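Open the model in your viewer and keep the selection tool at hand. The stops below say what to select and what is there.

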Amino acid sequence: MAKKHIVSLGFDFPGGELLNVENISFKSNKSLCDADIIILEPCILDLYRHSVFSHLGKPVLDADDRFVYTENRDHWRQELNLNLEDGKTIFIFLSTTEEFYRSSIISHNAELNYNMLPITINNLESKSGNQIKIAQNLGCLSTYWHNFSQYSKYKVCFELDRETTFLSTKTGNRAVGAIIPVKNGNLVLLPHLEFDEQLEEYDEDGELYYWNNLAVSHGKKLQAAFIEIDKVLRSGQANTPPPEWSQKPNFKLASELKLEKSISETKKQIEELQQKLDSEQAELDKQGRLRWLLFETGKPLEAAILEALQIMGFNAENYQDDELEFDAVFVSKEGRFIGEAEGKDNKAINVAKFSQLEREIQENFAREEVTKYAKGVLFGNADRLKELEQRAEFFTKKCILGAERLKIALIRTPDLFPVAKYLKENNNSNFAKLCREAIANTEGKIVEFPIIP
């Protein structure tokens with residue numbers, strides 16, 4: 001079966017690009033026609049610049065962005081309409097309402113972030129809470145709600161409709177989740193999704209982030225649930241959900257009850273297998289971390305370097321206190337070392353890191369408990385996105401001259417990979433010692449590791 005093309009508009013899908021989910025900005029004019037499934041979260045106000053003043057206590061868009069917003073709003077309303085006509089499913093995470101004005105002129109009505117939707121959600125109001133009640137048999141939403149109910153918090157509620165409402169407030173008098181047939185498609189309105197765990201990791205500058213394993217795990221479950229809901233809705237099975245009273249045991253056949261018991265047991269087995277799969281996938285990702293030596297940069301590269309050093313017999317770790325931070329501090333009988341790591345997308349490692357490394361060596365020596373200068377090591381991963389045989393020189397001439405002056409050892413991180421791989425798979429303490437000595441004895445040159453037995 002062909003993979004479903006999922007497009008996310010305004011919703012930060014966990015695992016995102018790693019799961020081939022396409023993220024689109026509200027400020028783009030891209031078409032949604034290529035999408036099989038559309039996800040939307042209408043958090044938009046921060047995307048547009050505001051005037052320095054407000055109107056009736058609400059923000060006012062500045063002169064330029066009011067026209068941009070209007071074009072964006074009309075574009076997405078038309079796109080969503082077209083895709084509903086094509087029979088598609090649109091999932092909407094209901095974020096808090098945002099009210100603002102396009103102009104301070106009194107004749108202009110307040111805008112709402114939900115104005116881009118192809119329908120009006122009746123009596124929509126900003127109310128928040130996490131006590132959510134199942135209003136009727138969830139049907140195709142069951143798996144989604146099983147996996148994500150603990151992360152669901154409503155930010156808005158709206159008029160209750162007994163036929164379309166699946167999730168309501170605790171009192172049951174306001175809706176917070178519904179499936180609304182529109183034209184040939186369906187709008188699936190869901191409470192706001194808010195994960196408790198940390199799902200992203202940041203680079204050494206604290207700026208660029210990437211999804212961690214937990215994010216990918218959540219994303220896979222979310223992806224599978226949306227695909228299943230879309231499949232059921234397109235088949236028409238969910239257009240008339242069975243009312244709650246019809247699900248009482250006295251209306252069910254003995255064969256149904258037997259199957260329900262079997263389904264319950266199967267679901268339990270699936271959950272156990274899913275947990276086992278998640279655990280094995282996490283372990284597989286962990287075991288493959290050494291490959292980061294070949295192509296990564298930033299924190300992932302540092303983590304792989306530390307693992308390789310530990311495999312070689314070093315006591316290696318990051319070091320950070322209130323004043324100092326080193327990519328790698330590693331110690332063995334052969335000596336004590338301070339390392340800096342650098343990855344470049346399409347160029348060689350330059351001399352820029354040397355001033356930092358030299359300063360770190362001096363700062364480290366200034367500590368009371370340190371009585372001897374540490375040896376400096378610069379780990380470089382140049383042209384990191386190219387295949388190894390296509391890469392040019394890893395270090396610039398100036399970089400090598402700087403290494404000679406400071407007697408620093410240079411290490412090409414891809415050179416660490418075969419050494420660490422061999423040692424991880426073979427217990428060879430003599431070879432590990434030779435590798436440590438190669439680093440300790442190299443001054444101002446690229447480390448040449450011994451030939452793997």
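**Aromatic cluster**

Select Phe11, Phe13, Phe91, Phe93, Tyr144, Phe148, Tyr151, Phe195 and Phe226: ring pairs join these residues into a cluster. The model is a predicted one. Over the whole structure, a search finds 15 aromatic pairs. One of them is Phe93 with Phe226, a tilted pair with 6.1 Å centre to centre and 40° between the planes. This pair links distant parts of the chain, since Phe93 sits in strand β6 (residues 89-94) and Phe226 in helix α3 (residues 213-235), 133 residues apart. Phe93 and Phe226 are both buried.

How are the rings of Tyr144 and Phe226 arranged? Their centres are 5.9 Å apart and their planes are at 25°, so the pair counts as stacked; the cut-off for stacking is under 30 degrees. Tyr144 belongs to helix α2 (residues 142-148) and Phe226 to helix α3, so this pair ties together parts 82 residues apart in sequence. Tyr144 is buried, as is Phe226.

**Thr89 in β6**

Stay with strand β6 and select Thr89, which is placed in that strand. Is Thr89 buried or exposed? Its relative accessibility is 1%, so Thr89 counts as buried. Show the side chain of Asp230 as well: a polar contact of 2.7 Å joins it to the side chain of Thr89. Leaving aside residues up to four places away in sequence, Thr89 touches Ile37, Ile38, Asn186, Val188, Asp230, Leu233 and Arg234.

**Helix α1**

Next select residues 63-85, which make up helix α1. With 23 residues at 1.5 Å a residue, α1 should span 33 Å, and its end C-alpha atoms are 34 Å apart, which agrees. At the start of α1, look at Asp62: one of its side-chain oxygens comes to within 2.8 Å of the backbone nitrogen of Asp65. Colour the helix by burial; the buried residues of α1 include Asp65, Tyr69, Arg73, Trp76, Leu80 and Leu84. An α-helix has 3.6 residues a turn, so residues three or four places apart point the same way. Just after α1, Gly87 has a positive phi of about 85°.

**The five-stranded sheet**

Move on to the open sheet of 5 strands, ordered β17-β18-β19-β20-β21 with mixed pairing. Its edge strands, β17 (315-320) and β21 (409-412), each pair on one side only. On average, and with direction ignored, neighbouring strands of this sheet are turned by 30° against each other.

Select β17 together with strand β18 (residues 325-332): the two pair in the antiparallel sense over 5 bridges. Which residue in β18 is the bridge partner of Ala316? The partner is Phe330.

**Two loop residues**

Most residues other than glycine have a negative phi. Select Lys407 in the loop between α8 (397-406) and β21; Lys407 is not a glycine, yet its phi is positive, near 60°. Finish at Asn20, in the loop between β1 (6-9) and β2 (22-24). Asn20 also has a positive phi, of about 60°, although it is not a glycine. With a relative accessible area of 55%, Asn20 is exposed.

How values were computed: Residues numbered from 1 in each chain as written. Predicted model: local features only at pLDDT ≥ 70, side-chain atom pairs only at ≥ 80, totals over all residues. Heavy atoms only, no water. Phe/Tyr/Trp six-rings, centres within 6.5 Å; stacked < 30°, edge-to-face > 60°. Helix = DSSP H or I, 4+ residues; strand = E, 2+ residues; numbered from the N terminus. Buried < 20%, exposed > 50% of the residue type's maximum accessible area, 1.4 Å probe, protein only. Pairing = 2+ DSSP bridges. Axes fitted to C-alpha atoms, helices over the stretch in contact; angles between N-to-C directions. Expected span 1.5 Å × (residues − 1). Polar contact = N/O pair within 3.5 Å; in protein donor to acceptor, adjacent residues only side chain to side chain. Contact = heavy atoms within 4.5 Å.
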